[in-house]
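Visitor: I am new to this structure. Please show me how to read it.

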Amino acid sequence: MTLSSMSSASSNGEVTATDTTARGPLLLLLGSALLWLVISGVLALVTSIQLVHPTFLAECPVFSYGRAQALQESAFIYGWAANAGLAIGLWVLGRLGGEPLRALNWVVVGTLFWNTALAVGLVGIATGGATSIAFLQLPGYVQPAMLFAYAAIGVTGVLAWLGRRNPCTFASQWYAVAALFLFPWIFSAAQVMLIWSPVRGTLQAVAGGWFAQSAWTLWLAPLGLAGAYYVVAKIKGRVLSSYDFAPHAFWCLLVLGAFTGGRHLVGGPVPAWIPSVAIVSCSLLLFNYFVVFLNLRGAFGAGGTALKLIAFGLAAYVFGGLVDAITAFRSVALITQFTHFDTAQQQLALYGGFSMMIFGAIYYAVPRLTGRAWASAGLTSGHRIAVSLGVVLLVVSLGMAGWIQGHDLNDAKVSFTDIATHTRPWLLAAVAAQGLLLGANLLLLVNFAMSACLSCCSAAPTDPTLFRQPSTMEVSAS
Amino acid sequence: MRNGPLFFLGLFITLSLSWAGTVLLSQHQLGALAPYYDEGESKSFPDSLSGIAARGQLVYADLGCAACHTQAVRRPDFGADQARGWGERQSVARDYIYQTHVQLGAMRLGPDLTNLAGRKPTPFDTEDLMKLLYTGMIPGTKVLTHPPYAFLFEDRKVVGEISAKALKFADGITAAPGHEIVPTERAQSLVAYLLSLNNTYDYPESRPVAPEKKDGEKHDAAAPKAAPAPGAAPAPKEEGKK
C-alpha cells in the first residue's frame, strides 16, 4: 500500500488527507495529554519531596501523601497516557486504514467530556473521594461518565477499522484496535467488581490486581506498541525484521498479560495459585518481549528524535519485562515486595516504556498533523535528552532505594527511622529525577503549543525542514 | 488477520480467559467464605466492624493511608512480618470478609497495621494514636516518624472547661495558652477503625504452614499463639515511620 495515492493537496506528500482532516481533534487530544503530563509531573515532585521530608505540605489535607500520590497516578494514567495513547492509536488506524478518519466530532466531544470528568474526579480525590484502589483512584461518580466519553472517542477508531481500504492489517493496527476495544471492557468490569457491587473480602485485591495489570498489558502497552510499530516501519521504509512472528507476540501479550497481575499478591491472604500462575505467565510473556525486540530492533542506532525515543522506549519495555519475570519469583519478591522497587518497575514500564514510545510517535505525528516542522529544534532535542536522563535517574534511584528498603524490612532489628535514613540519598536522587522530568515535559509542552499556534496562525505552511523526501515514503507501510 | 469478526472474537476470548482465570476462579473458591463459629467461645469470627470503625475505614481510604501501610501479615518464613511483632499468625482471607474496602496496600513506608490493636506487650491506645497523628511523633519520643496531620484536629479556644477529648500533651508540646486541641469526628472514626484492627483469633487455616525451624526449639506449629521469637520483636511503640 502506498501512501502517496492519498496525499492531500498539500505541497508535501508526507501530509495525507487523514492528517489534514484530523488535525483539530487529534491536536486537542495531544494538547490535553501534555497539559496533564505537566500537572502529574508537579504532583510527582510533591510526593517525591514528601518521601524525604514528611512535613512538606502535610498540614494541607489536599496534598497528604496518600492523596497526592492518587492524584499523580490518576493524572498520569487517565490524563497523559489515555489522551496521548488514544491520539496516536486513532492516527495510526486512520493512516493505515487508508481513508480519512470519520466521526471526528465525536472525538472532540468525547475528549472534552473525558477531560472534564477527569478534572472533576481529581478535585474529588483531593477532597476525600479517592477509592484507594491502585489505578482506579477516581471517585465512583465520574467513572461512568469517563466510560461514555471513551466510547465517543473510540467510535472513530472503530469506523476506521471497519472501513479500512485494505482487508490485510498491520501489527500496529492490531495493537491499536485491541487497546481501543479492551479498555472499556476491563474498565467497566472493574467498576462493577470494585465500586458498584464490591466483591467479598480479599477478592477485591484479586480483582484490583487484575484491573491494574490489564490496564497496562491490554491497554497502555498495546497503544505504545501501535505507535512504535508504525513509526519504525515508516521511517525505516521496509518490512520489519522477523515480522512473521509479530502475530504470535501479539496474542501472547493478550492471552498471558493480565494473568501476571497476581505476582504482587505473593504471600498475601489469597489462594497461593494466583501468584503461582502469575509467576509462570511472567516467564512465558518473555516471548512477547523477545519478538517485539526482534521486530523493532531497526530503531536502534538510527538517527532522528522519533526513532531515538522509540529505541529508548523499546529497550525499557523489554528490560521491564525481564525485571518483572525475575522479581516475580518468590525468593526475589521477598526483597522487592512492598518497596520502592515496585514503584521503580512501574515507572520503568509507564515512563520508560509507554511514554517514551508515545513521545517518539508524537515527534513523528505532530509535524504531519500541523503541516509544518516542530517550532524549535532546540526544545526538541532538549526534551529528548532531559527526559531520557530523567527516566534513567528515576528508575535507578527508586530501584536502589527499594533494594535497600527490602533488605532492611526483612531484618526485624532495623527500625523504620533507620530505613528512612538508609534510603534517603537515593530518594533525594529521585526528587532530582522528578524535577528533571517536569522540566523536560515543560519543554515539550511549550514546543507543542508553539507548533500548534504557528499552524493555526499562518495559512501557508513553509517547507517542513525536518521531513524526509516524500518519494522515500512510497513504500509498504508496515 | 484478514477476518475482522474473527479477530474481534479472539480479543473477547483472551480477555474473558484472564478474567475467568483470575477473578472468577478465585470468586468460586473464596466468594462464599463464611465466618468461623467457635463453639468454645460461642461466638463467630471475625467480628464485624462497628459503625464508627466502618466510617473510619472510609477515612483510611480517602486519606490514602494504603499508600504507606499494608494490612497483611505474611507467613513466618516469608519476610520479617512476625518477627517485627506485626502479628502472631499470617493473615488469611477470612479475616477480611466483613470489610467493605479491603486495603491490603502495596507499600511499606510504615509498619503493617493488620493487628495494630493486638500488639504485644502493650498496643497503642486512643490517646497514643491521636498524639501520633497530630504531632507525627510516637508519644515519648522526639523523632518525627509520620507526617503530622493537624488537619484532623481542631485548635480552638477553651470555653468553660477543657473538653474531655482534648489531647493531653506531655514532653513540652502544648496548645497555645487558652486553646485546646480536639480531635475532629474524622480523627475519632479513623482511630476507632485502627483500634478495631485485631487479628489475634486463630482460624484452622491460619495454623499449618509455619515450617519447622532449623534449631527446632522455639517453634511449635500447633501452638501459634506462642509469642514471636523472643528478643526479635521490638516493642510496637518503637515502631512507626510514615
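Guide: Start with a contact, which here means heavy atoms within 4.5 Å. Phe250(A), Trp251(A), Leu254(A) and Val255(A) in H7(A) meet Phe7(B), Gly10(B), Leu11(B), Thr14(B) and Leu17(B) in H1(B). Those residues divide into seven nonpolar, two polar and no charged. Ala, Val, Leu, Ile, Met, Phe, Trp, Tyr, Cys and Pro count as nonpolar, Asp, Glu, Lys and Arg as charged, and the others, Gly among them, as polar. Helices (H or I, at least four residues) and strands (E, at least two) are DSSP runs, numbered from the N terminus.

This is a predicted model: local features need pLDDT of at least 70, side-chain atom pairs count only at pLDDT 80 or more, and totals for chains, interfaces and linings use all residues. Residues are numbered from 1 along each chain as its sequence is written, chains are lettered from A and ligands numbered from 1 in the order in which they are written, and side-chain values use heavy atoms, leaving out hydrogens and water.

Visitor: At what angle do the axes of H7 of chain A and H1 of chain B cross?

Guide: Two packed helices are described by the angle between their axes and the distance between the axes. Axes are lines fitted to C-alpha atoms, for helices over the stretch in contact, and angles run from 0 to 180 degrees between N-to-C directions. For H7 (residues 246-256) of chain A and H1 (residues 4-30) of chain B, the crossing is roughly 35°, and the axes come within 7 Å.

Visitor: How many residues does the contact take from each chain?

Guide: Chain B gives 72 residues and chain A gives 75. The buried area, meaning the accessible area (1.4 Å probe) that two parts lose on being put together, summed over both, is about 6200 Å² between these chains, with 69% from carbon and sulfur atoms.

Visitor: Which side chains meet in a salt bridge?

Guide: A salt bridge is a side-chain nitrogen of Lys or Arg within 4 Å of a carboxyl oxygen of Asp or Glu. Asp62(B) and Arg67(A) form one, at 2.5 Å from N to O. The count between the two chains is one.

Visitor: What is the mean pLDDT of chain A?

Guide: pLDDT is the predictor's confidence in each residue, from 0 to 100. Chain A has a mean of 90, and 93% of its residues reach 70 or more. Over residues 1-12 of chain A the pLDDT is below 50. Where pLDDT is low, the predicted coordinates should not be read in detail.
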